[in-house]
Amino acid sequence: VAYQMSSTQAMERILEIQISPEISRLRRLLYCSEWIESHALHIYLLHAPDFLGFEDSLQLARQNPEVVKKGLRLKKIGNDLMSAIGGREIHPINVRVGGFYKAPSTDDLRPFVEKLEWAVEAAEETVRWAGTLTFPDFERDYLFVSLRNGGEYPMNEGRIMASDGMDIAVDEYERFFTEEHVEHSNALHSIRNGHGAYLVGPLARYALNFDTLTPKAQAAAQNAGLERQCRNPFKSIIVRSVELLYACEEALRIVRSYAPPRPSFVSAPVKEGTGYGCTEAPRGMLFHRYTIDEKGLIRSVKIVPPTSQNQKTIEADLHEYVSRFLDKPKNQLTWECEQSIRNYDPCISCATHFLKLEIVQSG
C-alpha cells in the first residue's frame with residue numbers, strides 16, 4: 001500500500017490530477033488497513049516475544065495463546081479490510097493513478113463496523129498491556145522526521161517536518177536529504193544534510209503529531225506512561241500500539257460515513273514531467289520521485305524507503321547500546337541487540353534471530 005500510494009501521488013502530480021475528497025478518504029482507509037495488519041503483526045508476533053522472554057511467537061503461543069490470538073484477530077481485520085478495498089490482502093491490485101479501478105460499495109464495507117468496534121477496544125487494551133512491559137534504561141537524542149498534515153495524523157499526505165523546525169514541501173526532499181555510500185556496508189545511509197542521522201517511523205510521527213491523535217489515543221498513550229515525545233526506541237512497541245488504536249478509530253470513522261466515490265478515478269492525458277510522492281508507511285516515511293517522457297515511459301526513479309532512512313540510526317543505536325552494556329553476558333547482549341533492531345520493524349526476515357556478535361577486547 002505504501003509504495004502504491006507514494007507512486008500514484010507522484011504520477012498524479014505530473015499529470016496535474018486532483019483527486020476527489022471521497023477518493024482521498026478511501027485511500028486513507030486503505031492505508032489504515034495496512035497500519036492495522038502491520039502494527040498488529042509487529043507488536044504481537046515479532047516484538048512481544050522479546051519482552052516476554054520467548055525465542056519467537058510460536059513459543060509465546062504455547063505459553064500464552066490468548067495474546068497471540070488477539071494479535072492474529074487484529075491482523076485479520078486489517079487484511080480483510082485491505083482485501084475489500086484493494087482486491088487482495090497482500091499487494092492490492094485495485095489502486096490506479098487517479099483513484100481506484102472499482103470502489104467498494106457501502107454493503108461491502110458495512111460488516112466492518114462491528115469488527116472495527118471490537119478492534120478499537122482490543123487496540124486500547126494493547127496500549128495498556130504494552131505500557132506494563134519492562135524496558136531497558138536507554139534513550140537517545142534523535143532528530144525526528146515525518147510528514148505533518150494539518151489536523152490529521154499523517155498517513156497519505158502532508159509536508160515534511162523535523163523536530164529542529166524544518167518544514168518543507170515533498171518536492172524539496174532531495175535538497176535537504178542525501179543517500180551516501182559507506183565503506184562497511186552495501187546499504188545506502190540517508191542523512192539530513194548538515195546534521196547526519198535522523199529517525200523516521202512511529203516515534204517520529206508521534207513526537208511531531210501528538211496533537212492530532214484522537215482524545216482516546218492521547219489518553220491511552222499518557223496512561224501507558226508516554227510523554228509527548230518518546231526517545232527510548234524500545235518503547236516503540238507502546239507508540240506502535242497507540243498508532244494501532246488510532247488506525248482502528250480512523251478506519252471505523254471512515255467506514256461509518258462511507259459513500260463510494262463516483263467516479264472511482266480521475267483520468268488525464270499523459271504528459272512528460274517529474275513528480276514526487278511521500279507517504280507514511282507503518283515503519284516510516286517513504287519518498288518516491290519519477291520522471292516520465294511524453295509517451296508515459298518512466299525514465300528515472302528514486303525510491304528512499306524508511307528502513308534505508310533509519311539505517312544509520314539503527315547502527316548508532318547498536319553502537320551506543322553495546323558500549324553502555326558491555327558488562328552483560330554475551331548471550332543476553334546479543335538478544336538485546338536483536339531486539340534493538342526489531343524496534344524499527346525493518347522487515348519480517350530481519351525480525352528473526354540472526355545476529356552474530358563479536359566482542360574484541362584490547363588493552
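**View 1. Residues around the largest cavity of this predicted model.** Thirteen is the count to look for here: 13 residues line the largest cavity, and Leu199, Pro202, Leu203, Asn343 and Tyr344 lie nearest its centre. Two elements, α8 (202–209) and α10 (236–256), each give two or more residues to this lining. With 3 residues, α8 provides the largest share. Helices are DSSP runs of H or I with at least four residues, numbered from the N terminus. A cavity is a set of points on a 1 Å grid over the protein atoms alone where a 1.4 Å probe fits but cannot get out, and lining residues have an atom within 4 Å of a point.

View 2. The whole structure holds 2 cavities of 30 Å³ or more.

**View 3. Where α8 meets α10.** The two axes come within 9 Å and cross at roughly 65°, with axes fitted to C-alpha atoms over the stretch in contact and angles running from 0 to 180 degrees between N-to-C directions. On the α8 side, Pro202, Leu203, Arg205 and Tyr206 make the contact, and α10 answers with Ser236, Val239, Arg240 and Glu243; contact means heavy atoms within 4.5 Å. By class, 4 nonpolar, 1 polar and 3 charged residues take part.

**Notes.** Residues are numbered from 1 along each chain as its sequence is written, and side-chain values use heavy atoms, leaving out hydrogens and water. In this predicted model, local features need pLDDT of at least 70 and side-chain atom pairs count only at pLDDT 80 or more, while totals for chains, interfaces and linings use all residues.

Notes. 1 Å grid on protein atoms, 1.4 Å probe; cavity = no way out; pocket = protein on both sides within 12 Å on 5 of 7 lines; lining within 4 Å. Points joined across faces, edges and corners; volume = space filled by probe spheres on them. Nonpolar A, V, L, I, M, F, W, Y, C, P; charged D, E, K, R; others polar.
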